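Dear colleague,

I am handing over the structure below, with notes on what turned up when I went through it. Please read the notes with the structure open beside them.

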Amino acid sequence: MEINHPNAGPLSEQEQKVFEHFQKRLESMVSSHGLTEGDVKELIRELRSHPLISSQLWQEAGTELTRLLPDQRFDFEWD
């Protein structure tokens, strides 16, 4: 199933900076010790609490997780 967000646009400059920070942390974790379930939860909590989180930014973050860890499923529960 493909989810389409027709009103989604490119990330703003500020959102791009947030995404780049997320990307650097994620790549650092993956290259240094792999990515644990706790790491994923920490990154998700951090993104969720950011005031600039948008559906487009959230989608980009999910795409990045999938790119770096292609055969893994992620549980995005908020608890």
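Lys 17 and Glu 13 both sit in helix 1 (residues 13-33), four residues apart, which is about one turn of the helix; helices (H or I, at least four residues) and strands (E, at least two) are taken as DSSP runs and numbered from the N terminus. The side chains of Lys 17 and Glu 13 meet in a salt bridge, at 3.9 Å from N to O, where a salt bridge is a side-chain nitrogen of Lys or Arg within 4 Å of a carboxyl oxygen of Asp or Glu. Lys 17 is exposed, and Glu 13 is exposed as well; here buried means under 20% relative accessible area, exposed over 50%, and partly exposed in between, with a 1.4 Å probe and protein chains only.

Before going further, please keep in mind that this is a predicted model, in which local features need pLDDT of at least 70 and side-chain atom pairs count only at pLDDT 80 or more, while totals for chains, interfaces and linings use all residues. Residues are numbered from 1 along each chain as its sequence is written, and side-chain values use heavy atoms, with hydrogens and water left out.

By the salt-bridge rule the count comes to five. Another of these joins the side chains of Glu 46 and Arg 25, at 2.3 Å from N to O. Glu 46 lies in helix 2 (residues 37-49) and Arg 25 in helix 1, so this pair ties together parts that are 21 residues apart in sequence. Glu 46 is partly exposed, with a relative accessible area of 32%. The side chains of Glu 27 and Arg 67 also meet in a salt bridge, at 3.3 Å from N to O. Because Glu 27 lies in helix 1 and Arg 67 in helix 3 (residues 55-68), the pair ties together parts that are 40 residues apart in sequence. Glu 27 is partly exposed at a relative accessible area of 36%, and Arg 67 is partly exposed at 49%. Salt bridges that share partners also join Arg 25, Glu 42 and Glu 46 into one network.

Buried residues make up 27% of the 79 residues in the chain. Among contacts between residues at least 6 apart in sequence, 62% join residues at least 24 apart, a contact being heavy atoms within 4.5 Å.

Helix 1 and helix 2 pack at an angle of about 170°, with their axes 11 Å apart; the axes are lines fitted to C-alpha atoms, for helices over the stretch in contact, and the angles run from 0 to 180 degrees between N-to-C directions. The two helices, helix 1 and helix 2, are therefore roughly antiparallel to each other, given that angles under 35 degrees count as roughly parallel, over 145 as roughly antiparallel, 65 to 115 as roughly perpendicular and the rest as oblique. Where they meet, helix 1 contributes Val 18, His 21, Phe 22, Arg 25, Leu 26, Met 29 and His 33, and helix 2 contributes Asp 39, Glu 42, Leu 43, Glu 46 and Leu 47.

The largest nonpolar core has 15 residues, of which Phe 22, Leu 26, Leu 35 and Leu 43 touch the most other members; such a core is a set of buried Ala, Val, Leu, Ile, Met, Phe, Trp, Tyr and Cys residues joined through side-chain atoms within 4.5 Å. Helix 1, helix 2 and helix 3 each supply at least two residues of this core, and the largest share, five residues, comes from helix 1. Leaving aside neighbours within four places in sequence, Leu 26 is in contact with Leu 35, Leu 43, Glu 64, Leu 65 and Leu 68.

Glu 64, in helix 3, counts as buried at 6% relative accessibility. Apart from neighbours within four places in sequence, Glu 64 is in contact with Phe 19, Phe 22, Gln 23, Leu 26 and Glu 27. The C-alpha atoms of Gln 23 and Glu 64 are separated by 7.3 Å, although the two residues are 41 residues apart along the chain. The buried residues of helix 3 are Gln 56, Leu 57, Ala 61, Glu 64 and Leu 65, and they pack against helix 1 and helix 2.

With best regards
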